[in-house]
Amino acid sequence: MHYVVYDGTCNLCVNFVKILEDLDRGQRFRYVPMQETDTLAMLQVEPQACEMGMILIDGDRPERRWQGSDAAEEIGRLLPAGQGVVDAYRALPGLKWLGDRLYAQVRDHRYALFGQRASLYQSAHPVCTYGNCPPGQPSVGKAKANPDLA
């Protein structure tokens with residue numbers, strides 16, 4: 001499982017997540033809005049880090065992370081038939097450089113270009129944190145001590 005940290009009030013970001021939800025149906029990705037600071041803390045993501053763009057975290061190896069356009073490329077690579085598309089993109093001279101610059105411009109002007117939602121988008125496939133996980137789904141975070149048992 002991979003965790004996608006996105007801006008839950010950005011129209012472009014939310015539409016991207018909705019497309020991923022439709023394509024993936026919760027098979028490879030779980031989603032957390034960058035505004036959910038408690039979940040970010042469990043994933044060891046500093047809120048300031050979100051200013052540099054979306055973050056993709058490998059749930060099996062959380063030290064493996066991608067951010068910004070690199071995260072978008074890795075998401076593409078993980079999708080069925082995506083490896084070939086990403087390989088072709090990376091092989092074309094100058095396209096990676098251009099893509100990185102375009103991503104940064106859109107990231108920095110996303111609200112002006114695409115608007116901002118009045119409410120936070122909650123994915124149909126959220127990151128499962130301890131205590132709210134369906135049976136059999138791995139959770140992020142640890143159990144909290146129960147004061148009633150002390």
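A residue is called buried when its relative accessible area is under 20%, exposed when that area is over 50%, and partly exposed in between (1.4 Å probe, protein chains only). The structure described here is a predicted model, in which local features need pLDDT of at least 70 and side-chain atom pairs count only at pLDDT 80 or more, while totals for chains, interfaces and linings use all residues. Residues are numbered from 1 along each chain as its sequence is written, and side-chain values use heavy atoms, with hydrogens and water left out.

**Confidence in the model**

- The confidence of the predictor in each residue is given as pLDDT, on a scale from 0 to 100.
- For this chain the mean pLDDT is 87, and 85% of the residues reach 70 or more.
- Over residues 143-150 the pLDDT is below 50, and this stretch has two contacts in the model beyond near neighbours in sequence; a contact means heavy atoms within 4.5 Å.

**Overall architecture**

- The chain contains six helices and four strands; helices (H or I, at least four residues) and strands (E, at least two) are DSSP runs, numbered from the N terminus.
- Read from the N terminus, the order of the elements is β-α-β-α-β-β-α-α-α-α.
- Of the 150 residues in the chain, 37% count as buried.
- Among contacts between residues at least 6 apart in sequence, 61% join residues at least 24 apart.
- The chain exposes about 9000 Å², and carbon and sulfur atoms supply 57% of this area; accessible areas come from the Shrake-Rupley method with a 1.4 Å probe, and for residues only the protein chains shown count as cover.

**Salt bridges**

- Side chains of opposite charge can pair when their charged atoms come close.
- A salt bridge is defined as a side-chain nitrogen of Lys or Arg within 4 Å of a carboxyl oxygen of Asp or Glu, and the structure holds 10 of them.
- One of these joins the side chains of D24 and R28, with a distance of 3.0 Å from N to O; D24 is buried at a relative accessible area of 2%, whereas R28 is partly exposed at 30%.
- Another salt bridge links D58 with R64, whose closest N and O atoms are 3.9 Å apart; D58 is buried at 9% relative accessibility, while R64 is partly exposed at 30%.

**E73 and its partner K96**

- The side chains of E73 and K96 meet in a salt bridge of 2.8 Å, N to O.
- E73 lies in helix α3 and K96 in helix α5 (residues 95-108), so the pair ties together parts that are 23 residues apart in sequence.
- K96 is partly exposed, at 24% relative accessibility.
- Salt bridges that share partners join D70, E73, R90, K96 and D100 into one network.
- From C-alpha to C-alpha, E73 and K96 are 9.8 Å apart in space.
- Apart from neighbours within four places in sequence, E73 is in contact with V86, Y89, R90, K96 and D100.

**E74 in helix α3**

- E74 is located in helix α3, which covers residues 69-78.
- The residue E74 is buried, with a relative accessible area of 5%.
- When neighbours within four places in sequence are set aside, the contacts of E74 are L56, R64, W66 and R90.

**R110 in helix α6**

- R110 is found in helix α6, which covers residues 110-114, and counts as buried at 15% relative accessibility.
- The side chain of R110 makes a polar contact with the side chain of D7 at 2.9 Å.
- A polar contact is a pair of N or O atoms within 3.5 Å; within protein, one must be able to donate a hydrogen and the other to accept it, and residues adjacent in sequence count only if both atoms are side-chain atoms.
- Not counting residues up to four places away in sequence, R110 touches D7, C10, C13, M34 and G115.

**Cysteines**

- A disulfide is a covalent bond between the sulfur atoms of two cysteines.
- The structure holds zero disulfides, a disulfide being counted as a pair of cysteine sulfur atoms within 2.5 Å.
- C13 is buried, with a relative accessible area of 19%, and C50 is buried at 6%.
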